[in-house]
Amino acid sequence: MSRILDLLREDLRDFSGYSSARSESLDGEVWLNANESAWANVADADGACRRYPDPQPAALRDALAALYSVAPERLLVGRGSDEAIDLLVRATCIPGRDAVLVTPPVFGMYAVSARLQGAPLVEVPLHDDPQAGLVPDIAAIGEVAVARGAKLVFLCSPSNPGGAAVPLAEIDALSRLLDGRALVVVDEAYGEFADGPSATMLLDALPNLVVLRTLSKAHALAAARIGVAIGDPALIAALRRCQAPYPVPAPCAALALAGLGTAARAQTCARVGAVRSERERLAGAMQALPGVRRVYPSEANFLLVRFEDAGAAFETLLAAGIVVRDQRSAYGLGDALRITIGTPEQNARVLDVLSTRVRPAEMARARGVA
Ligand SMILES: *Cc1c(COP(=O)(O)O)cnc(C)c1O
């Protein structure tokens, strides 16, 4: 048995999961083993939804494996990376004992899944570097993970909402330090917008590394709910046993496969390029605005911005019909908003509103609009 399976919950190590009609490898012509209807629904024109879907649609899995340059057996397809996060926590953490380590301010689903599982949450805040922005303190993470018995360490790279990517050398060092103790999960939801390569490059050398990717952001398929966990094949097989029997709806698989076709991928690539250049343009212009304290360097498709009066900036944008993410309740971000990069026209509107209508609080109050 692979050593990686020692990181699973002891009580799940011999768990074989649900055995569905689809998991039996039988050969037949007339399929009467799953209580499906013998006729298609009239709304299902091509009958694609009459039968239960392939639990891991082979064509989609192969396309995703090619997209991320990994072997198909390293890849679990699920309902967005959110499902992968939840599965990882459920499969590795005994409630009340095994901790989940996160680096606030960061994407909230790691903490939500830990809470639902009853897994202690351990926080090692990002360090605010004047140049690099919000970056993890890898040495501190390693120490705390060992001391607190973390089973999972989530690194978000590029980070939401901070925007900074974690260097591969740091992921490598942390994974080696925690080998045999914890999984290091690198969430690359925004990987397409980053400068550097994916942590999937490190997988062959690091059995306790898991990389999460999704079609929700750069591939513009958020509603299709397709995300993947990429890791050791034995771990992936174990996660599959903990997953729902038919996690990928057939229409979603078909859409995702079409969305990964050659022409679609070329367009996705071009749009990623456009987002990257708009991001730099917008960051430069915002940094020059009065009332803006700091624009963090970003390798994602958003900017994290500190304002002298974030509340006024939020309300003013809202009054102009522009909805951005208020980050003021996030750790250390009491004066910050997260602004997604939109079309050039949308970004111009954001700049126009911020430059003409938002003033530092005192001035706004003097004008009676605060
Ligand atoms: C948006 C986001 C996700 C969610 O991805 P889904 O595949 O849509 O579930 C995961 N991680 C981070 C950091 C995100 O920002």
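Let us start with β12 and β13. Strand β13 covers residues 336-340, and two bridges join β12 to it, with the two strands running antiparallel. One place to look is D326, which stands opposite L337 in β13. Before I go on, please keep in mind that this is a predicted model.

These two strands belong to an open sheet of four strands, in the order β10-β11-β13-β12, and the pairing is antiparallel. At the edges are β10, residues 292-295, and β12, residues 325-326, each of which pairs on one side only. Helix α9, residues 310-319, packs on this sheet. The helix touches β11 (302-307), β12 and β13, and its direction makes about 35 degrees with that of β13.

Take β1 on its own for a moment. This strand is residues 75-79, and four of its five residues are buried, so β1 is largely enclosed by the rest of the structure. Its partner is β9: five bridges join the two, which run antiparallel. If you want a pair to find on the screen, G78 stands opposite G227 in β9.

On to β8 and β9. Four bridges join them, and again they run antiparallel. V211 has I230 in β9 as its bridge partner.

K217 sits in the loop between β8, residues 209-214, and β9, residues 226-230. The UniProt record, in an unreviewed entry, places the feature "modified residue: N6-(pyridoxal phosphate)lysine" at K217.

What does K217 touch, leaving aside its neighbours within four places in sequence? The contacts are A189, Y190 and F193. With Y190 there is also a polar contact, 3.2 Å between the two side chains.

The next residue in my list is A218, which lies in the loop between β8 and β9 as well. A218 has a relative accessibility of 10%, so it counts as buried. Not counting residues up to four places away in sequence, A218 touches E192, F193, T268 and V272. Take E192 from that list: E192 and A218 are 26 residues apart along the chain, and their C-alpha atoms are separated by 6.4 Å.

Now the ligand. It is surrounded by 14 residues, of which the closest are S81, D187, T214, S216 and K217. For T214, a polar side-chain atom lies 2.6 Å from an oxygen atom of the ligand. For S216, a polar side-chain atom also lies 2.6 Å from an oxygen atom of the ligand. Then there is R225, with an N or O atom in its side chain at 2.7 Å from an oxygen atom of the ligand.

D172 is in helix α5, which covers residues 168-177. Its relative accessibility is 18%; the cut-off for buried is under 20%, so D172 counts as buried. Which side chain does the side chain of D172 meet in a polar contact? That is R176, at 2.8 Å. Leaving aside its neighbours within four places in sequence, D172 is in contact with L202 and L206.

Last, the annotated domain. UniProt, from an unreviewed entry, lists residues 31-354 under "domain: Aminotransferase class I/classII large". That span is 37% helix and 18% strand, and its end C-alpha atoms lie 62 Å apart.

Conventions: Residues are numbered from 1 along each chain as its sequence is written. This is a predicted model: local features need pLDDT of at least 70, side-chain atom pairs count only at pLDDT 80 or more; totals for chains, interfaces and linings use all residues. Side-chain values use heavy atoms; hydrogens and water are left out. UniProt positions are given in the numbering used here, feature names are shortened, and annotations may be inferred rather than shown by experiment. Contact means heavy atoms within 4.5 Å. A polar contact is a pair of N or O atoms within 3.5 Å; within protein, one must be able to donate a hydrogen and the other to accept it, and residues adjacent in sequence count only if both atoms are side-chain atoms. Two strands pair if DSSP finds at least two bridges between them. Axes are lines fitted to C-alpha atoms, for helices over the stretch in contact, and angles run from 0 to 180 degrees between N-to-C directions. A residue is near a molecule or strand if one of its heavy atoms lies within 4 Å of it. Buried means under 20% relative accessible area, exposed over 50%, partly exposed in between (1.4 Å probe, protein chains only).
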